[in-house]
Amino acid sequence: MTRPVARPVPAPAPSPPAWRRVHADDVAPQPWRNGGGQTRELLAWPDAATWQVRVSVADIERDGPFSSFPGVQRWFAVLKGPGVELTIDTAPHRLTRNDEPLAFDGAAATGCRLIDGPTRDLNLMLRGVGGSLAVASDAIDWHPTRAQCGLFSAVDGECDVDGVTIVLPAYSLLWFEGAPASLRFNAQQRPAAATAWWLETGEAQA
């Protein structure tokens with residue numbers, strides 16, 4: 001009697017850590033208190049009332065001051081448009097889409113002047129936790145060093161997460177409550193300016 005040949009069982013396909021994807025245009029805009037623009041809140045963790053991490057996209061329509069956020073570290077990057085000139089406690093900062101994100105104290109007196117018309121911007125706010133915002137290099141592996149992380153893309157693309165591909169439409173946030181070992185962003189377009197930004201927050205990983 002011929003014994004059946006044992007066949008290897010294929011390994012299950014890998015799955016990324018739990019993630020969420022939020023498109024900016026799917027979020028209702030909220031007007032600024034000073035009427036100078038509007039904001040779309042993409043993420044508020046752990047909740048909207050007691051957030052420690054807040055990610056938003058703002059459309060700035062005219063010159064004016066930023067709201068004060070005492071006890072908050074702010075990160076700011078230009079997504080679209082000519083850019084802005086921020087005056088933070090009298091120090092000037094000129095920012096365009098070609099520049100690295102700017103970090104500053106949320107309590108600082110901050111004025112904003114549009115360089116040449118409206119602009120769209122990415123904001124990361126941190127309260128009581130560490131974190132950072134940085135331009136994402138296309139097709140280069142990124143290894144998060146903190147507990148939570150994400151990617152915001154201004155163009156259509158894909159994010160490879162521990163061997164799994166996640167489609168990311170333009171102006172979307174991909175967010176992981178638990179940071180994967182590595183991520184890679186692949187943009188469908190490669191304009192001269194930055195196309196995507198890495199975000200990470202929370203406690204540093206051991």
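Student: Which residue in β18 does Gly 150 stand opposite?
Tutor: Gly 150 faces Leu 199 in β18. Bear in mind that this is a predicted model.

Student: And how many bridges join β13 to β18?
Tutor: Seven, with β13 (residues 146-153) and β18 (residues 196-204) running antiparallel.

Student: What is the strand order in the sheet they belong to?
Tutor: The order is β1-β16-β13-β18-β12, an open sheet of five strands with antiparallel pairing. β1 (19-23) and β12 (131-135) are at the edges with a single partner strand each, so one side of each has no neighbour in the sheet. From one strand to the next, the twist averages 15°.

Student: What does Leu 151 touch, leaving out residues up to four places away in sequence?
Tutor: Its contacts include Ala 136, Cys 159, Leu 168, Phe 185, Trp 197 and Leu 199. Phe 185 is 34 residues from Leu 151 along the chain, and their C-alpha atoms are separated by 8.4 Å.

Student: Moving on to cores: which residues touch the most other members in the largest nonpolar one?
Tutor: Leu 122, Phe 152 and Trp 197 do, in a core of 25 residues. Strands that each supply at least two residues of this core include β3 (37-45), β11 (119-126) and β18. Another core, of 16 residues, lies apart from it, and Cys 159, Leu 174, Ala 187 and Ala 196 are among its members.

Student: What does β7 pair with over five bridges in the antiparallel sense?
Tutor: One partner is β8 (residues 91-95), where Leu 95 is the bridge partner of Val 84. β7 and β8 form a hairpin with two residues between them, and Asp 89 in the turn has a positive phi of about 50°. Five bridges also join β7 to β10 (residues 110-114), again antiparallel. There, Ile 88 has Thr 110 as its bridge partner.

Note on methods
Residues are numbered from 1 along each chain as its sequence is written. This is a predicted model: local features need pLDDT of at least 70, side-chain atom pairs count only at pLDDT 80 or more; totals for chains, interfaces and linings use all residues. Side-chain values use heavy atoms; hydrogens and water are left out. Two strands pair if DSSP finds at least two bridges between them. Helices (H or I, at least four residues) and strands (E, at least two) are DSSP runs, numbered from the N terminus. Axes are lines fitted to C-alpha atoms, for helices over the stretch in contact, and angles run from 0 to 180 degrees between N-to-C directions. A nonpolar core is a set of buried Ala, Val, Leu, Ile, Met, Phe, Trp, Tyr and Cys residues joined through side-chain atoms within 4.5 Å. Buried means under 20% relative accessible area, exposed over 50%, partly exposed in between (1.4 Å probe, protein chains only). Contact means heavy atoms within 4.5 Å.
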